[in-house]
Amino acid sequence: MRETADYQLFVGDYDSAAAHYKALASDLKSDKAYRHEAAAIEMKALCSIVLNSDLTTIKAAETSLEAAYNLYLKAGSDRLATRTCLYLHLLSVACSRMKECSDFLLKAVDSLNEVAHFPALGTEQAALCLLNSSPSRPRKFAFNLIFAGWNFSKNQFKRNAMHCYLTALGLYHQKGWVHIEDHIFQMLGRNLFHANHLYASVKFFVNLLNNLRDRSADAERQNTCVGEFKAALKKWISKVATEDSIDPYSEIAEVTLPVISDQQVSVHLETEFKTINKEGTTQQGPAPSGTIPWKAVGESLLSEERGLGIPEVLMDQPKIFKNWTKDETFEMEILDSTDSSGLKKLHSESKRISYVNEDLYLTIPLKNPLNI
């Protein structure tokens with residue numbers, strides 16, 4: 001019966017072919033031969049469309065094709081199910097049933113995700129149906145187009161992926177959809193780099209890093225993006241190094257990378273050691289371990305000037321206490337960091353006195369808009 005129906009289809013006797021396919025489908029249903037039953041139902045639907053293209057016939061054909069599609073899935077014939085899905089897509093588009101076509105394609109993408117390239121193509125076509133539906137759905141169109149771009153990128157169709165992302169970017173750029181915008185920038189930068197469009201790749205990575213800066217994204221994500229940016233920038237610089245009209249380093253200036261504020265770098269003696277609390281304000285802190293006790297040394301030396309006796313440890317150098325200058329006296333008045341009055345006087349007099357091998361502490365303000 002199947003051969004008879006096929007011959008009738010071949011010679012153009014679509015009415016008789018449709019009748020034989022219908023009878024064949026009924027016989028195969030009882031045998032639970034799902035794949036053969038689906039093929040018979042599919043061919044009956046195609047014959048009915050050729051015979052009559054009115055709305056009633058088309059709706060009946062769509063119902064038959066959906067039944068064939070489900071039977072192919074039940075039989076595990078994903079490739080044949082994909083073919084039936086494409087028939088349904090063409091039929092729905094021809095009848096301007098865009099919303100129904102989009103819904104079916106997105107459902108099919110979930111079922112046929114193992115079929116090579118179909119998830120990308122199916123999602124892209126579903127997005128186009130949403131754009132051309134009445135009323136138009138531009139946000140759903142852009143959202144599904146990003147999924148199509150992601151699937152194209154996974155299958156190494158770089159140009160198709162870039163087309164999807166660039167189209168979606170026009171709808172999402174500077175609209176507040178920051179995470180989607182970040183994804184678009186990163187994927188465009190990555191795909192353009194592999195396509196050897198280095199300048200455009202660098203520009204998209206610059207936009208991505210500046211977006212991450214404004215939102216203080218997590219450090220791991222930023223490190224990944226910085227690594228990709230460096231690879232694109234390095235390759236681009238090596239490519240244009242011989243062109244005098246291009247300054248590749250100007251692109252780096254557009255990225256707010258971590259910088260040291262050299263105008264605010266300061267040096268602290270050990271006795272001036274300060275701590276910075278979590279709020280960023282400077283506070284006087286305890287001196288680090290190992291600080292020489294200037295207070296005890298100073299008081300011992302000053303007490304000799306007041307006639308209170310020379311310490312035994314200094315008996316062999318009595319001349320050290322004779323004819324002290326003002327600065328020498330002031331030096332001995334420097335106390336350790338537990339005495340705030342001594343530090344205040346030291347700062348007011350603008351004196352910076354240190355001993356040999358004393359540790360020095362640098363305060364280096366670092367502006368780090370990225371978490372790297």
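These legends walk through several close-up views of one predicted protein model.

Residues are numbered from 1 along each chain as its sequence is written, and side-chain values use heavy atoms, with hydrogens and water left out. Because the model is predicted, local features need pLDDT of at least 70 and side-chain atom pairs count only at pLDDT 80 or more, while totals for chains, interfaces and linings use all residues.

View 1. Helices (H or I, at least four residues) and strands (E, at least two) are DSSP runs, numbered from the N terminus. Of the 372 residues, 38% count as buried; buried means under 20% relative accessible area, exposed over 50%, and partly exposed in between (1.4 Å probe, protein chains only).

**View 2. The largest nonpolar core has 37 residues.** A nonpolar core is a set of buried Ala, Val, Leu, Ile, Met, Phe, Trp, Tyr and Cys residues joined through side-chain atoms within 4.5 Å. Among the residues with the most contacts inside this core are Ile146, Tyr172, Ile184 and Phe229. Helices giving two or more residues to this core include H7 (118–132), H8 (138–154), H9 (158–172) and H10 (178–194). A second, separate core of 30 residues includes Ala40, Leu88, Cys101 and Val115. In soluble globular proteins, nonpolar side chains tend to be buried together.

**View 3. Tyr172 has contacts with Ile146 and Ile184, among others.** Contact means heavy atoms within 4.5 Å. Leaving aside neighbours within four places in sequence, Tyr172 also meets Arg139, Ala142, Phe143, Trp177, Ile180 and Glu181.

**View 4. Glu42 sits in helix H3 (residues 34–51).** Is Glu42 buried or exposed? Glu42 is buried, with a relative accessible area of 0%. The side chain of Glu42 makes a polar contact with the side chain of Arg83 at 2.6 Å. A polar contact is a pair of N or O atoms within 3.5 Å; within protein, one must be able to donate a hydrogen and the other to accept it, and residues adjacent in sequence count only if both atoms are side-chain atoms. Not counting residues up to four places away in sequence, Glu42 touches several residues, including Leu65, Tyr72 and Tyr87.

**View 5. Helices H6 (residues 98–111) and H7 pack at an angle of about 160°, with their axes 8 Å apart.** Axes are lines fitted to C-alpha atoms, for helices over the stretch in contact, and angles run from 0 to 180 degrees between N-to-C directions. H6 and H7 are therefore roughly antiparallel to each other; angles under 35 degrees count as roughly parallel, over 145 as roughly antiparallel, 65 to 115 as roughly perpendicular and the rest as oblique. Residues making the contact include Cys101 and Leu105 of H6, and Phe118 and Ala126 of H7.

**View 6. Cys85 lies in helix H5 (residues 78–94).** Cys85 is buried, with a relative accessible area of 0%. Cys85 and Phe104 are 19 residues apart in sequence and 8.3 Å apart in space, C-alpha to C-alpha. Beyond its neighbours within four places in sequence, Cys85 is in contact with Tyr69, Phe104, Leu105, Ala108 and Phe118.

**View 7. The loop between H7 and H8 holds Pro135.** The peptide bond from Ser134 to Pro135 is cis, with omega near 0°. Most residues other than glycine have a negative phi, and most peptide bonds are trans.
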